[in-house]
Amino acid sequence: MKKITARTQDVERAAFFGIDVPFMRHIGLLAERLEPGLARTRLPLQEELLNSRGDVHGGTLMSALDFTLSAAARSHDPLATGVITVEMSTHFLGAARTDLVFEASTIRRGSRIVFCEGEARDEHGNAVCVARATFKLVHMSTRAQAGLSAGAPQAELPLP
């Protein structure tokens, strides 16, 4: 097991647009770009992420899309805003057998709810999966004031 020190943990947190997401680190997702309304990540192909047919497992695609969509949802203020996935619909368009790039954008952002859409493309530029999701915004300083840890339920914390 990898030894986590304060220094390596800080680097890893920065790698996920300012937050620590152990599962994304586990699957090898790489954060590439974040700007207001847009997020892009990359997933190198790994044998552990494949299904019995040798394609990237659908759960892997959905997990990476959920993270990338959520990053777009909080991209207007990524260090002070967290999100809770309210709903996500996913459509699988083809088999994924290469490294993948995930891009997500904000469709509309309100004061408490954000709507996003995104896609996964293979190294040839083919769309293999698309998704839309709705997120509830959670102000991170509210969580800290309430004394909640990163893994604690967030649903009862309103934005100020």
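Arg-40 is partly exposed, at 23% relative accessible area. Buried here means under 20% relative accessible area and exposed means over 50%, with partly exposed in between (1.4 Å probe, protein chains only). This is a predicted model: local features need pLDDT of at least 70, side-chain atom pairs count only at pLDDT 80 or more, and totals for chains, interfaces and linings use all residues. Residues are numbered from 1 along each chain as its sequence is written, and side-chain values use heavy atoms, with hydrogens and water left out.

Arg-40 forms a salt bridge with Glu-103, with 3.1 Å between the closest N and O atoms. The pair connects distant parts of the chain: Arg-40 sits in strand β2 (residues 38-43) and Glu-103 in strand β4 (residues 100-109), 63 residues apart. A salt bridge is a side-chain nitrogen of Lys or Arg within 4 Å of a carboxyl oxygen of Asp or Glu. Glu-103 is partly exposed, at 32% relative accessibility. Both residues belong to a salt-bridge network that also includes Glu-32 and Arg-42.

## Other salt bridges

The structure holds 9 salt bridges. One of them joins Arg-25 to Asp-20, with the closest N and O atoms 2.6 Å apart. Arg-25 is partly exposed at 27%. Asp-20 is partly exposed at 26%.

Arg-121 and Glu-119 form another salt bridge, at 2.6 Å from N to O. Arg-121 has 32% relative accessibility and counts as partly exposed. Glu-119 is partly exposed too, at 23%.

## The sheet

Six strands make an open sheet in the order β1-β2-β4-β5-β6-β3, with antiparallel pairing. Strands β1 (30-35) and β3 (81-92) stand at the edges with a single partner strand each, so one side of each lacks a neighbour in the sheet. Neighbouring strands are turned by 20 degrees against each other on average, direction ignored. Helices (H or I, at least four residues) and strands (E, at least two) are DSSP runs, numbered from the N terminus. Two strands pair if DSSP finds at least two bridges between them.

β3 and β6 pair in the antiparallel sense over 11 bridges. Ile-84 stands opposite Lys-136 in β6.

Helix α3 lies across β1, β2, β3, β4, β5 and β6, and runs at about 45 degrees to β4. Axes are lines fitted to C-alpha atoms, for helices over the stretch in contact, and angles run from 0 to 180 degrees between N-to-C directions.

The largest nonpolar core has 32 residues. Such a core is a set of buried Ala, Val, Leu, Ile, Met, Phe, Trp, Tyr and Cys residues joined through side-chain atoms within 4.5 Å. Leu-29, Leu-61, Phe-67, Leu-69 and Phe-102 have the most contacts inside this core. At least two core residues come from each of α2 (22-27), β2, α3 (58-73), β4, β5 (113-122) and β6 (127-139). The largest share, 8 residues, comes from α3.

Leu-29 touches residues including Phe-16, Met-24, Leu-43, Ala-64, Phe-67 and Phe-102, not counting residues up to four places away in sequence. Contact means heavy atoms within 4.5 Å.

## Confidence

Average pLDDT is 85, and 78% of the residues score at least 70. pLDDT is the predictor's confidence in each residue, from 0 to 100.

Over residues 1-9 pLDDT is under 50, and the model has 6 contacts beyond four places in sequence for them. Over residues 142-160 pLDDT also stays under 50, with 29 such contacts.
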